[in-house]
Amino acid sequence: MQKAATYTSPEAVRPSAVAPQAFESADAEELACLLEIGQTLAGAQDLKTAMRSVLETLGRLEGVTSGALLLREPDSEELHVAAAHGVGEEAARRVSYRLGEGVVGRVAETGKPVVVPQVSREPLLLDRLGAARPPRQQEELSFVCVPVLVSRKPAGVLGVSFRYRQGRDYEHTTHMLSIVASMTAQAVKVEHLIESERARLLDENTHLRQELRERYDFGHIVGSSGPMRRVYEQVTQVARANTTVLLRGESGTGKEMVAHAIHYNSLRAGKPFIRVSCAALPETLIESELFGYERGAFTGANARKKGRFELADGGTLFLDEIGDLNASTQIKLLRALQEREFERLGGTETVRVNVRLIAATNKDLDRAIERGEFREDLYYRLNVFTIFMPPLRERKPDILLLADHFLEKYGREHGKSIRRISTPAIDMLSSYHWPGNVRELENVIERAVIVCESNVIHGHHLPPTLQTAEGTGTVTRLSLEAAVGAYERDLIQDALKTTRGSRKRAAKLLDSTERIIGYKIKKYGIDPERFRD
Ligand SMILES: Nc1ncnc2c1ncn2[C@@H]1O[C@H](COP(=O)(O)OP(=O)(O)O)[C@@H](O)[C@H]1O
Ligand SMILES: [Mg+2]
């Protein structure tokens, strides 16, 4: 607390220090007031509201006509009204003081209290708030302004106007207000901490969203085959509308990726994208996950919890594996989609949300409807705009692009500089039937990157399923002889590629003889002419 009170008015007396006994002379009314203020601040949820009632409490003290708390924004030279009592609301919103400006600015700059016994005689007083204008003409007011010190630095000021009374004990008043100011300072400190934590989280959130956006930007979907181009067209058509989208296609074809792309290319891009996997959650959990619950809805529901529908408000809700949704949740979902509203579990309040829905499934929904596993009415709700994701085996030209993309991605991730994929390995990748689609290809390449010790991915870096029968997928195991043969063939083809078809130089490269290489070329049916250019 600041000891010295500066009196700026000409006839004012400068006190040496606020005497300790000043507080002792506080009357019962003031103590009750301080107690109330302490309680208000201790239970405060938000500073502005709390300060308004603090100023109100002060306003009940004898002679007080108005009061205001002005705070300095962090890293700024300006003071703004955080809360006021007895002054015009409009003025409170508009008014600001620079550091050092007027009495208020001076207190904020020096951190020392100022007492103005008679405001009409103080030219320094700017009174932008109109707090020093007496309610009745000819009436004189006094003004006491004390600093709010946070970590010993002025974070703002507390100013109070009183009806002028001759012989008022200003020391005492200053002391009393300084106590209120130091209690306020605690609340300001807490508010600053909360604010900076919130700012940090917000910052982190924005950063993460940006990162997500970049990752799922259209440009990150690899593939230029005809079927993929049709997918891009459809995404472009539908993204900016609020239409419900149903994504169908085998597992690993990129449905989730496309769902992201739709969201990040929509007008909702800045809002949340919330995913729920209908298959991952047990029946009992999925409803509370989607719609949330009220406190006491079931054992363990200790507080209200928002569901994913509410969390996605303003943004996109992605219901993945919707074909696995149980019957009772299907009904609830249908209602939520039809009426755009629902109740939380165990609640009666109707929740309205603005959500764009994207659903995905690898199931044959028509068959599921026939079998009575999926509601037809829900299907029609979802089937507004359907995008079919083509399986990888139907877009062979994309295999290489994807393989290169993943090679770069995992090379970087595992700190390896692998430059290319050998021709035989490419042949193996191209002729495989990819039942697991892009996800399987991604796994295959990551594995190859991990086991590869050189700067080229060879056939033997690929899993055995790809080594056999050139991708028919009929043979799943490989004999040692066949595996060694595949490896040998691979090495020779690769060497021939490097030497542009020269057997002699290939033999040298492999530390072998031209005769042996010639023999193997025949054995494996390699055509060296293929490598000449
Ligand atoms: N066209 C594509 N370009 C790049 N990566 C893809 C592409 N399609 C799928 N992927 C990748 O394959 C994996 C599976 O994709 P995902 O969207 O989860 O498939 P689905 O939801 O259809 O099972 C993911 O890691 C994804 O990044
Ligand atoms: Mg998926």
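**Burial, ligand contacts and nonpolar cores in a predicted model**

Ser66 lies in strand 2, residues 64-72, where strands (E, at least two residues) and helices (H or I, at least four) are DSSP runs numbered from the N terminus. This is a predicted model, in which local features need pLDDT of at least 70 and side-chain atom pairs count only at pLDDT 80 or more, while totals for chains, interfaces and linings use all residues. Residues are numbered from 1 along each chain as its sequence is written, chains are lettered from A and ligands numbered from 1 in the order in which they are written, and side-chain values use heavy atoms, with hydrogens and water left out.

Q: Why is Ser66 called buried?
A: Buried means under 20% relative accessible area, exposed over 50%, and partly exposed in between (1.4 Å probe, protein chains only). Ser66 has 3% relative accessibility, and therefore counts as buried. Its contacts (heavy atoms within 4.5 Å) include His85, Val87, Ala131 and Val160.

Q: What makes Pro272 buried?
A: The relative accessible area of Pro272 is 17%, so this residue is buried. Pro272 belongs to the loop between helix 8 and strand 9 (273-277). From Pro272 to Val355 the C-alpha distance is 9.9 Å, at a sequence separation of 83 residues.

Q: Which residues come nearest to ligand 1?
A: Of the 17 residues around ligand 1 (a heavy atom within 4 Å), Val222, Gly252, Lys255, Arg439 and Glu442 come nearest. Helix 8 (255-264), helix 14 and helix 16 each supply at least two residues of this shell.

Q: Which residues touch the most other members of the largest nonpolar core?
A: A nonpolar core is a set of buried Ala, Val, Leu, Ile, Met, Phe, Trp, Tyr and Cys residues joined through side-chain atoms within 4.5 Å. In the largest one, of 34 residues, these are Leu58, Leu158 and Leu177. Helix 6 gives the most to this core, with nine residues.

Methods. Lists of a residue's contacts leave out its neighbours within four places in sequence.
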